[in-house]
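Please examine the structure below before reading on.

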Amino acid sequence: MRELLVVRHGLVHNPQGVAYGRLPGFHLAERGREEAAQAAAFLTSFPPGKVHHSPLERAVETAAIVAAPHGAPLCVDHRLIEDDGSEPPEAVAARMRSFWEDWLATGSERDYAVSHREPIRALLLDLAGIDVAAHLRDLAQFPLGTAGVYRVRAAGSRPVIDRVFEPPS
């Protein structure tokens with residue numbers, strides 16, 4: 001069964017509390033690097049063919065950390081970028097669904113996708129058949145801490161979604 005392991009980037013260094021969204025220059029904090037390393041340790045049993053990732057620094061850094069134990073190639077995909085704050089939830093879900101469908105058509109048996117909380121949650125909600133607009137900000141549906149991992153297995157018309165890793169706080 002094909003599977004995509006969807007990873008949220010680690011904690012960001014943001015001492016000023018800036019609402020950074022898509023702003024450049026926001027890298028992982030030391031704690032974020034530790035979280036990504038914990039996710040990488042968990043993922044050693046799940047070697048990927050490729051690691052797809054958002055172009056933003058925090059996702060690039062997380063992708064490099066989780067790919068390193070496997071020597072997996074890194075592949076930037078702009079569809080995995082953060083929500084810009086004005087993008088409607090349905091549009092976020094549509095671009096993430098586009099990524100999913102392309103991955104189904106051309107991806108490896110197992111790959112990783114490193115992205116951001118809202119895009120990941122939009123994908124999971126959409127794939128689960130849950131109204132994205134109504135539930136995107138409802139964190140009870142698919143909670144996702146920094147460096148958390150969900151596994152999405154392609155299984156017929158409705159993928160199977162499991163929360164498989166959350167770094168200890």
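Axes are lines fitted to C-alpha atoms, for helices over the stretch in contact, and the angles between them run from 0 to 180 degrees between N-to-C directions. The model discussed here is predicted.

In this model, the axes of helix 3 and helix 4 come within 8 Å and cross at roughly 75 degrees. Angles of 65 to 115 degrees count as roughly perpendicular; helix 3 and helix 4 are therefore roughly perpendicular to each other. On the side of helix 3, the residues that meet helix 4 include Val92, Met96 and Trp100. Their counterparts in helix 4 include Pro119, Ile120 and Leu123.

Nonpolar side chains tend to be buried together in soluble globular proteins.

| Core | Size | Residues include |
|---|---|---|
| Largest nonpolar core | 23 residues | Leu4, Trp100, Leu124, Val152, Ile161 |
| Second, separate core | 17 residues | Leu5, Val51, Ala59, Ala67 |

Helix 1 comprises residues 30-43 and reaches 20 Å from its first C-alpha to its last, close to the 20 Å expected. Its buried residues are Gly32, Glu35, Ala36, Ala39, Ala40 and Leu43. Seen down the axis of helix 1, these fall within an arc of 145 degrees, so they line one face of the helix. Among the elements that cover them are strand 1, helix 2 and strand 4.

Key:
Residues numbered from 1 in each chain as written. Predicted model: local features only at pLDDT ≥ 70, side-chain atom pairs only at ≥ 80, totals over all residues. Heavy atoms only, no water. Helix = DSSP H or I, 4+ residues; strand = E, 2+ residues; numbered from the N terminus. Expected span 1.5 Å × (residues − 1). Buried < 20%, exposed > 50% of the residue type's maximum accessible area, 1.4 Å probe, protein only. Arc of directions from axis to C-beta. Contact = heavy atoms within 4.5 Å. Core = buried A, V, L, I, M, F, W, Y, C linked by side-chain atoms within 4.5 Å. Parallel < 35°, antiparallel > 145°, perpendicular 65-115°, else oblique.
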